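Open the structure in your viewer and keep the selection panel handy. We will walk through one contact, stop by stop.

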Amino acid sequence: MRPAVLGLALALAFPAAAAAQAPLAAQGCLGCHGATGAGSAAIPGLSGRPAAELSAAMLAFRANERPGPIMGRIARGYTDAEIAAMAAHFAALPAGGSR
Amino acid sequence: MSSTLSRRGFLATAVAAAAVAPLAAPSIARAQGAARLLVVGGGFGGASAARFARIAYPWLEVTLVEPQRSFVTCPYGNLVLGGERKMADITHSFDALRARGVNVVHDWVEGIDPVAKTARLRGGATLGYDRMILSPGIALRWGAIEGYDEAASALLPHAWVPGDGTQTSLLRRQLEAMDDGGVVGLAIPGNPFRCPPGPYERISMIAHYLKRHKPKSKILALDAKDAFSKQGLFQDGWKQLYGDMIEWVPLSKDGKVVRVDAASRTLETEFGVKHQVAVANIIPPQSAARIAIAAGLADNSGWVPVNPRSFESRAAPGIHVVGDANNGAPMPKSGFIANNTAKQAVASAAALLRGETPPEAVYFNTCYSHVGEEYGISIVGIFRPTDTAIVEVPNSGGVSPRGDLPDQRRAEAAYADAWYASITQDAWG
Ligand SMILES: Cc1cc2nc3c(=O)[nH]c(=O)nc-3n(C[C@H](O)[C@H](O)[C@H](O)COP(=O)(O)OP(=O)(O)OC[C@H]3O[C@@H](n4cnc5c(N)ncnc54)[C@H](O)[C@@H]3O)c2cc1C
């Protein structure tokens with residue numbers, strides 16, 4: 001079986017799977033902000049917070065306008081589009097996190 | 001096996017029936033038509049991959065092969081040495097992954113045939129796969145330091161590949177048994193190696209224990225390099241918390257250990273100086289784990305070259321190699337990178353199975369280190385792939401600020417604890 005043929009077959013077999021694509025930029029946040037985005041001990045939760053609040057916080061950290069032990073160093077690695085995607089992702093989750 | 005893996009369509013079923021070698025192990029039932037993701041290694045990379053695959057791509061049938069019945073993490077092992085954690089706190093069960101529908105097989109993969117797309121297990125079974133995620137971690141290069149082989153590690157522990165936890169427990173017991181006033185010697189390798197700040201966090205946590213229980217003792221850290229991760233921050237903290245307890249000897253001051261005598265606990269450096277110590281922790285040079293080398297995936301460096309977007313092996317299409325085994329520099333060999341890049345590898349494998357292009361990637365790492373109680377420091381890195389390399393995003397990331405900043409240190413120690421809880425949940429939860 002050639003891989004291209006198998007790939008085609010699977011693409012035909014699972015049309016709904018494309019919707020399951022996870023926002024990968026947001027996956028990095030889960031290493032500290034809880035595997036569900038609901039926070040972990042001293043680190044605050046992200047899920048269920050308004051997208052505008054989350055993006056504003058990230059943009060302020062990135063611009064060095066909001067102090068913090070670590071988030072400025074992190075926010076400076078991300079683009080506007082990634083920040084917007086992360087914010088939308090967590091805003092759409094229930095406040096207690098998901099899965 | 002979950003019902004989401006039921007028959008999806010006649011075409012895939014026909015393809016699967018025609019193309020796929022049958023599984024030898026009868027216990028590994030397979031739904032007809034599901035694409036098979038075989039994950040090898042249940043550590044940070046492998047467990048994260050298996051969990052993420054079941055959540056984000058429920059149409060994937062996921063099998064995880066890992067010899068250990070439960071996983072003991074290297075991260076926070078240093079806190080066990082410091083007396084701040086117990087082994088149970090760093091041991092994780094595979095039950096939650098099973099409950100998510102991961103078929104967990106406790107065995108070793110002994111051989112991989114990338115053309116037939118099969119993996120041979122020590123127990124005799126042969127598993128077929130459509131895509132493999134290989135995250136087997138590192139091998140210690142026995143003999144790279146003369147006299148340091150597996151037998152010697154029963155006397156002079158490395159505690160760098162935790163296995164069933166024996167090594168970390170052994171080093172802890174040796175520290176407990178040492179008399180006050182003893183010298184603890186460490187041999188630290190050159191780059192690249194697993195967890196660049198790890199040896200220095202270990203020095204810190206051993207000092208933390210000795211300061212409380214054996215304050216006349218010393219630590220002699222013999223290093224095969226002249227600079228190390230978060231060096232200024234570590235050395236500031238050592239001075240502030242432990243005074244002159246720690247002596248760090250760089251390569252240029254004859255710090256490279258080339259020979260050990262396990263029976264007498266003697267560490268010998270390049271220029272022939274012999275240091276006899278009460279307890280020795282030898283962290284030897286490393287390579288990708290044996291299975292990656294045996295499968296022909298590694299190059300002369302001992303690490304596995306991969307596509308920087310998909311982590312697919314350059315030597316064997318269909319096998320995505322994540323975690324410490326790949327040549328991911330400038331990304332560090334960290335649990336966080338293993339977790340984060342495993343997700344990109346799974347997303348890429350899923351895309352390629354559907355005939356799509358792997359998604360845009362951005363890789364994220366934070367390594368926290370405990371220097372003392374309520375004294376944490378960190379290094380952050382954000383990385384992006386090009387067609388041929390992985391590049392750190394300019395003007396981002398970096399280390400904690402230096403200076404007398406007790407609130408910063410306290411916050412980062414607490415964040416480190418939160419990180420450990422979070423990332424272990426994101427891998428084994
Ligand atoms: C002291 C110390 C402290 C650390 N602290 C941190 C930290 O604070 N933060 C951080 O991010 N990282 C830290 N690390 C690094 C982290 O432990 C590694 O980067 C991480 O474990 C790499 O994940 P991996 O999946 O590549 O390998 P591992 O986690 O080692 O997992 C590999 C697994 O593969 C299995 N395996 C091997 N061969 C086979 C085979 N043939 N068949 C089947 N299974 C096989 C092994 O049994 C093992 O369970 C630390 C490391 C050390 C040593």
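How much area is buried between domain 1 of chain B and domain 2 of chain B, and what share of that area do carbon and sulfur atoms give? The model is predicted, and in it the two domains bury about 3000 Å² between them, with carbon and sulfur atoms giving 61% of that area.

**Stop 1: the two domains.** Select residues 2-137 and 289-428 of chain B and colour them as domain 1. Then select 152-286 of chain B, which the domain assignment gives as domain 2. Taken over C-alpha atoms, the domain centres are 29 Å apart. To the contact, domain 1 of chain B brings 34 residues and domain 2 of chain B brings 36 residues.

**Stop 2**

**Stop 3: a salt bridge.** Next, pick B:Glu373 and B:Arg212. They form a salt bridge whose closest N and O atoms lie 3.0 Å apart. Between the two domains the count is 4 salt bridges, and 13 residue pairs are in polar contact.

**Stop 4: helix and strands.** Finally, select α3 (77-81), β20 (363-372) and β21 (375-385) of chain B, the elements that give two or more residues to the domain 1 side of the contact. β20(B) gives the most to that side, with 6 residues. Colour the domain 1 side by residue type and you will find 16 nonpolar, 12 polar and 6 charged residues.

Conventions: Residues are numbered from 1 along each chain as its sequence is written. Chains are lettered from A and ligands numbered from 1 in the order in which they are written. This is a predicted model: local features need pLDDT of at least 70, side-chain atom pairs count only at pLDDT 80 or more; totals for chains, interfaces and linings use all residues. Side-chain values use heavy atoms; hydrogens and water are left out. Domain bounds come from an automatic or database domain assignment. Contact means heavy atoms within 4.5 Å. Buried area is the accessible area (1.4 Å probe) that two parts lose on being put together, summed over both. A salt bridge is a side-chain nitrogen of Lys or Arg within 4 Å of a carboxyl oxygen of Asp or Glu. A polar contact is a pair of N or O atoms within 3.5 Å; within protein, one must be able to donate a hydrogen and the other to accept it, and residues adjacent in sequence count only if both atoms are side-chain atoms. Helices (H or I, at least four residues) and strands (E, at least two) are DSSP runs, numbered from the N terminus. Ala, Val, Leu, Ile, Met, Phe, Trp, Tyr, Cys and Pro count as nonpolar, Asp, Glu, Lys and Arg as charged, and the others, Gly among them, as polar.
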